[in-house]
Number of protein chains: 2
Amino acid sequence: METESHNNPQERPTPSSNGRASREDNHLLIKAVKDEKIELVQQLLERGADVNFQEEWGWSPLHNAVQVGREDIVDLLLSHGADPCLRKKNGATPFIIAGIVGDVKLLKLLLPKVADVNECDVNGFTAFMEAAVYGQVEALRFLYNNGAEVNLHRKTVEDQERIKKGGATALMDAAEGGHVEVVEILLHEMGADVNARDNRGRNALVYALLNSDVEKVKAIIRLLLDCKVDVNVRGEGRKTPLILAVEKKSLDLVQMLLEQTAIEINDTDSEGKTALLLAVELKLKKIAQLLCLKGASTKCGDLVTIAKRNYDSDLAKFLRQHGAVEDVRPPDKAWKPQSSRWGEALKHLRRISRPMIGKLKIFIDKDYKIADTSEGGIYLGFYEEQEVAVKRFSEGSTRGQNEVSCLQSNRANSHVVTFYGSERDGGCLYVCLALCEHTLEKHLADRRGEAVQNKEDEFARNVLSSLFKAVEELHLSGYTHQDLQPQNILIDSKNAACLADFDESIKGTGDPQEIKRDLEERKKFQGISSVCMAPTPLQTTASLWALGLLVLYVVNKGNICFEMLKDLRTEELVERSPDKETEDLIQHLLVPGDNVKGHLSGLLAHPFFWSWKSRYRTLRDVGNESDIKVQNTDGKILQLLQPETSELPTSFSQWTNEVDESVMKKMNAFYEKRKQNKTYQNKTYQNKTYQNTVGDLLRFIRNLGEHIDEQKNTKMKSKIGEPSQYFQEKFPDLVMYVYKKLQNTEFAKHFPKISTRTKPTCDGIGGGEQAGQP
Amino acid sequence: METESHNNPQERPTPSSNGRASREDNHLLIKAVKDEKIELVQQLLERGADVNFQEEWGWSPLHNAVQVGREDIVDLLLSHGADPCLRKKNGATPFIIAGIVGDVKLLKLLLPKVADVNECDVNGFTAFMEAAVYGQVEALRFLYNNGAEVNLHRKTVEDQERIKKGGATALMDAAEGGHVEVVEILLHEMGADVNARDNRGRNALVYALLNSDVEKVKAIIRLLLDCKVDVNVRGEGRKTPLILAVEKKSLDLVQMLLEQTAIEINDTDSEGKTALLLAVELKLKKIAQLLCLKGASTKCGDLVTIAKRNYDSDLAKFLRQHGAVEDVRPPDKAWKPQSSRWGEALKHLRRISRPMIGKLKIFIDKDYKIADTSEGGIYLGFYEEQEVAVKRFSEGSTRGQNEVSCLQSNRANSHVVTFYGSERDGGCLYVCLALCEHTLEKHLADRRGEAVQNKEDEFARNVLSSLFKAVEELHLSGYTHQDLQPQNILIDSKNAACLADFDESIKGTGDPQEIKRDLEERKKFQGISSVCMAPTPLQTTASLWALGLLVLYVVNKGNICFEMLKDLRTEELVERSPDKETEDLIQHLLVPGDNVKGHLSGLLAHPFFWSWKSRYRTLRDVGNESDIKVQNTDGKILQLLQPETSELPTSFSQWTNEVDESVMKKMNAFYEKRKQNKTYQNKTYQNKTYQNTVGDLLRFIRNLGEHIDEQKNTKMKSKIGEPSQYFQEKFPDLVMYVYKKLQNTEFAKHFPKISTRTKPTCDGIGGGEQAGQP
């Protein structure tokens with residue numbers, strides 16, 4: 001087959017009007033070199049392309065010419081002033097690249113032009129080392145004959161040396177590369193130091209064992225052993241050459257090493273395992289037997305049990321004959337599970353022996369099962385030795401992909417179940433999550449008896465607040481959950497709620513951030529205006545609907561079946577609200593209107609999320625407004641609080657008849673007294689007893705709040721009890737009434753500040769909280 | 001070497017007095033079987049040990065006797081009534097185990113006693129399959145001759161089938177196990193279906209390629225190909241047999257498969273890679289060339305660039321000759337970085353090609369460097385395609401171990417930097433963390449100009465609140481940070497703070513939870529009382545000290561050098577507090593007293609963390625106490641607020657002279673009027689103008705707060721401004737004075753509720769918050 005030689009018109013330089021090379025020409029020059037089109041190179045150079053132009057990673061035309069091995073192009077470039085000392089971003093010169101490609105002609109050409117045959121890149125690689133890495137025998141010989149230092153150790157940058165990178169020699173490179181001939185030449189012709197060590201203390205023997213081709217490894221190790229290489233060095237994980245040979249499952253290699261008198265047969269790796277223990281674990285009967293016969297100790301690990309677990313009775317017997325005893329692992333008394341619900345099973349799972357799946361210890365057995373799922377179930381496990389819940393999927397499962405993708409993108413969302421990591425093995429995907437105690441459904445079911453009617457429900461408020469934050473942040477990351485329901489909300493051992501189960505989640509285009517980006521892109525490039533670009537995304541609306549059902553479910557303490565709620569119409573759902581705050585909140589969720597973006601964080605400032613104490617405080621603070629105190633009906637606030645004629649009747653339209661009579665009398669007595677008092681006689685507004693208006697009710701609440709704890713009012717206090725509860729129960733629609741009239745006005749300053757962020761930030765107002773209104 | 005035959009006295013049964021077997025005897029029976037001590041077995045059975053006793057995993061004496069392959073013991077047990085149908089926990093009967101050990105004599109003995117030669121365990125394994133798994137040729141033949149079904153597919157439990165586990169046949173087992181002879185017998189003598197598929201659709205060919213011994217794989221694949229096995233099936237990751245052969249780096253295997261006319265040479269795996277692309281990536285020149293010559297498409301992936309990156313110019317040329325073109329990867333326009341500070345570098349890193357280190361993409365280059373460390377530096381990276389900061393350590397480094405261990409144990413701590421995961425490669429440990437914008441030090445330095453004196457510093461309060469929570473929860477998990485300083489506190493793009501850098505952390509015995517557990521254990525087992533068990537741990541005290549310095553550093557907006565603070569004595573530090581709240585807080589930190597447990601969560605309720613508005617609200621609420629309003633000096637609260645004679649002078653001892661004169665006059669006017677009013681003349685206490693007492697100051701603040709926003713007081717309002725600020729500045733020691741006098745009294749109910757949890761829980765008081773006092 002021939003080299004393609006189509007004539008792309010772009011590749012023919014057109015004379016530029018001013019005779020100066022354009023930046024484009026420089027790129028064309030490099031492309032021409034890569035494509036080995038020497039004539040084009042010549043043309044571009046002649047019309048002024050920069051012969052020393054360097055592309056992104058520092059590649060110059062000369063570097064490229066050397067890489068493609070074209071002596072003629074190299075010559076041409078040099079004759080046009082190419083700098084042979086230019087360095088790529090990693091510090092490599094054309095000469096070093098010539099070592100890689102192993103082209104002796106190029107090396108000869110460049111050698112007179114370099115300052116030092118041992119010049120190196122930032123990682124310390126010389127041309128000689130590169131020739132060893134790539135097994136370039138001729139280049140190696142040429143460089144050696146021209147003064148290359150054979151036993152040079154790589155000198156790298158400080159950052160790398162601090163973590164013990166660097167220090168390797170050409171011999172190690174050749175050994176790792178499996179280049180038998182190079183190793184032989186280095187050892188026998190060039191006087192390479194067989195026992196040179198890199199900065200980690202590893203010698204060529206350890207490097208040789210990194211190669212995956214066992215035959216090459218054997219040949220190189222033979223050469224190294226013949227030159228008396230030290231066999232008691234350590235590789236990664238403090239593994240000895242003997243251990244590495246066992247891991248390669250090569251009886252020959254193990255045999256070769258065991259023939260060395262100096263070998264320390266019982267050295268252990270960083271996990272405390274000997275070569276024998278590894279051989280037994282890896283079911284390598286012959287290697288294990290050989291090690292035993294060569295005197296390996298049988299005291300490391302429970303060898304007999306491991307062999308029996310693998311049903312190798314022969315090996316088990318052999319090991320016993322060599323002194324191994326069956327061990328019973330003592331339970332780890334110091335360890336205590338964090339989960340109380342799963343504690344016993346976790347203790348058991350921790351004790352038993354299981355093959356690790358990456359960082360995960362798991363046993364698919366009903367004793368360790370947490371729950372059923374539509375796919376592979378949820379099981380207890382240990383991920384990096386931390387107790388976790390493991391959700392299992394089939395490898396190619398779309399559900400599994402959804403779950404992992406969503407969790408990976410939401411690690412920082414503190415209201416989403418903490419994601420530990422995932423593992424794949426045997427066609428299974430294992431998703432490891434923080435272990436929680438119960439689902440919301442189970443939690444509520446367990447507490448069914450405890451529920452007390454007409455009490456403030458802090459649990460509901462906190463669960464839903466977490467949930468709203470979780471969903472809001474999920475939406476910001478571009479994901480929609482799509483399966484919000486009580487089984488997918490978890491309650492942990494500290495009674496905090498988090499959102500879980502993302503296997504039906506999707507990354508949608510409805511994401512507000514993406515829409516915004518899209519918008520910006522479009523504006524930039526196409527001049528389209530942004531006005532009609534943010535449609536109500538269907539997914540967001542569906543999420544809000546599901547949240548509406550969840551609000552109802554939670555405030556009803558799980559006593560309404562969630563599945564049943566799904567079948568109800570909006571009006572039927574709204575009817576099931578136990579109070580006005582819930583009613584209004586779910587109306588916002590079920591009928592969100594057009595602007596769903598940011599809807600959730602806004603709703604976190606809804607009175608539903610105010611504690612009863614905060615609600616009471618708000619009413620008092622509003623009642624303390626000057627115009628309310630002086631009954632200035634022309635004042636803005638009283639105007640705002642005016643009921644519309646079309647409005648439904650409220651519980652407080654005749655409020656003076658609703659409040660305890662003796663309290664009413666006592667509170668009015670203050671004004672009665674004043675009436676008889678000369679000082680106040682001209683100030684009519686301060687003399688009015690309480691009337692049936694909202695303003696007066698707020699004034700009443702403010703005044704009562706200020707004075708109810710005074711000693712003279714103990715009788716009043718005994719009638720009212722806790723005022724925050726009294727007013728909540730007596731006038732259950734008052735807070736919502738005031739909220740609706742005053743939201744989006746200056747008087748919203750009296751509303752409590754509620755954090756609408758999932759994590760506290762350092763620029764909020766007052767204790768990391770910030771105000772927000774829907 | 002001979003079998004050990006020491007006579008442990010424990011192994012000799014001593015006659016039990018009542019003749020009944022103890023539970024201990026049952027365990028001894030199983031041990032005797034394992035140890036193959038037939039006489040002891042006989043003795044134990046005779047004195048009544050339960051012949052059908054099952055240990056933890058369901059192993060009975062008979063199961064064990066079969067495992068060790070002792071026909072005589074099996075006989076003995078059967079004659080004593082051993083049930084041959086007993087199942088282990090995984091459902092295996094002694095007969096199935098006989099298939100594993102491959103003992104034909106045992107199979108013969110047990111066969112008449114089993115209901116079905118094809119009986120299987122819970123995973124669907126029959127004795128025949130087990131014989132295939134373990135390569136037991138004779139057992140296989142015996143079972144076949146006695147009616148074992150050759151082509152039975154494994155039937156497993158529903159949970160497993162849902163994720164497509166199960167369905168494999170004996171042929172697949174033998175192929176995976178590398179048992180060439182078994183495969184041959186199954187195919188040629190027993191009529192095994194060569195194209196049977198398991199529940200994932202894999203046939204014996206895919207199973208054969210799972211074995212690591214290439215020679216065995218070749219032999220088995222030869223047999224399978226001769227029997228016309230389907231070569232276009234898929235394994236894990238949708239890999240074809242051809243792709244799996246390339247991954248095995250075996251030219252022979254690839255050749256064998258390419259000889260099949262039906263082969264689909266261009267099929268891709270789940271990542272869209274063809275066999276050719278993988279061969280080029282794996283630097284397998286010969287295999288790549290063979291694939292090309294057999295007609296593989298060169299259109300998948302940027303083959304030329306990959307070959308060039310590996311410096312294989314020959315292969316690059318060869319590929320071009322076969323139609324491969326050099327591709328330039330277009331930048332991913334849709335992707336936008338989350339970090340603004342690191343955005344450009346991230347875009348670049350995302351675009352370039354890098355070998356993956358597990359789930360991590362990283363390039364150790366100064367362009368992607370975030371910071372220096374004492375070990376391997378911090379670099380930008382992508383972990384599971386999410387932008388991260390990667391801290392690098394040398395593999396065996398203690399610092400690295402500390403960092404990972406602490407992060408693994410604190411994944412749920414939302415004030416600790418989010419931990420993504422770690423990878424190990426080439427002697428390096430890579431710790432991947434959420435990417436933040438700045439360290440606290442840098443953040444403060446960047447804002448140096450912006451700092452305004454005498455203003456409420458919400459940033460400081462929020463950073464320190466996060467930090468306290470982080471450290472408190474860290475301590476609860478048993479860890480101590482040991483290097484708390486401004487470089488180790490990070491500020492993210494949302495301006496939230498988190499704690500980082502755990503490479504000096506230790507898991508100490510000073511952990512309160514551990515002490516508590518210890519305590520409980522000791523009480524349970526040794527009857528030791530708990531009184532003197534909780535010493536002040538040195539580490540906790542050191543952490544508190546460091547937090548004290550950090551408080552000073554942050555409230556001084558980083559204008560004091562942290563290193564300098566380290567050298568100061570307690571008094572010198574205390575002097576540097578800009579206000580009384582800070583002074584008291586750091587005194588608690590620097591001189592924590594004996595009880596350091598829970599100290600931090602207590603301190604989160606300290607007035608330092610109250611917003612100025614909350615402080616003002618607290619003063620007003622205290623001032624609204626009945627006894628203060630009526631100036632009842634005998635009342636408990638005024639008694640509590642009384643200054644001690646030894647106390648230092650306060651800013652408010654002559655407060656009536658400090659407050660703006662016109663305001664004072666106006667406020668006093670109320671009482672002057674009353675004096676002239678007959679109604680109040682007998683109520684002396686209500687007629688008093690304000691005196692220089694704390695009680696009167698609080699009454700003043702309460703009254704001013706209630707009325708300052710009234711229209712008649714606009715002039716007063718213009719003098720005072722924002723009252724919360726006015727009183728904070730006028731009487732900077734007032735809040736702390738009131739706090740100290742009233743903490744641990746009933747009046748602490750007026751203090752603000754501050755969340756002391758790191759995550760909101762669902763059982764707190766009022767909006768997920770809960771009260772706490774140091």
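**Where the chains meet**

User: How many salt bridges are there across the interface of chain B and chain A?
Analyst: The rule finds 22 salt bridges across that interface. Keep in mind that this is a predicted model.

User: Which side chains meet in one of them, at 2.9 Å, N to O?
Analyst: Lys369(A) and Asp159(B) do; their side chains form a salt bridge at 2.9 Å, N to O.

User: And how many residue pairs are in polar contact there?
Analyst: The count is 60 residue pairs across the interface of chain B and chain A, both residues at pLDDT 80 or more.

User: Which helix gives the largest share of chain B's side?
Analyst: Helix α23 of chain B, residues 458-476, with 7 residues touching chain A. By class, chain B's side has 52 charged, 40 polar and 28 nonpolar residues.

User: How much area do the two chains bury between them?
Analyst: About 10,000 Å², with 40% of it on carbon and sulfur atoms. In residues, 120 of chain B are in contact with 120 of chain A.

User: New topic: helices. At what angle do α15(B) and α17(B) cross?
Analyst: Roughly 10°. Their axes come within 10 Å; α15 covers residues 251-258 of chain B and α17 residues 285-293.

User: So are they parallel or perpendicular to each other?
Analyst: Roughly parallel, because angles under 35 degrees count that way.

User: Which residues meet there?
Analyst: From α15(B), Leu251(B), Val254(B), Gln255(B) and Leu258(B). From α17(B), Lys286(B), Ile287(B), Leu290(B) and Leu291(B). That contact divides into 6 nonpolar, 1 polar and 1 charged.

Note on methods: Residues are numbered from 1 along each chain as its sequence is written. Chains are lettered from A and ligands numbered from 1 in the order in which they are written. This is a predicted model: local features need pLDDT of at least 70, side-chain atom pairs count only at pLDDT 80 or more; totals for chains, interfaces and linings use all residues. Side-chain values use heavy atoms; hydrogens and water are left out. Axes are lines fitted to C-alpha atoms, for helices over the stretch in contact, and angles run from 0 to 180 degrees between N-to-C directions. Helices (H or I, at least four residues) and strands (E, at least two) are DSSP runs, numbered from the N terminus. Angles under 35 degrees count as roughly parallel, over 145 as roughly antiparallel, 65 to 115 as roughly perpendicular and the rest as oblique. Contact means heavy atoms within 4.5 Å. Ala, Val, Leu, Ile, Met, Phe, Trp, Tyr, Cys and Pro count as nonpolar, Asp, Glu, Lys and Arg as charged, and the others, Gly among them, as polar. Buried area is the accessible area (1.4 Å probe) that two parts lose on being put together, summed over both. A salt bridge is a side-chain nitrogen of Lys or Arg within 4 Å of a carboxyl oxygen of Asp or Glu. A polar contact is a pair of N or O atoms within 3.5 Å; within protein, one must be able to donate a hydrogen and the other to accept it, and residues adjacent in sequence count only if both atoms are side-chain atoms.
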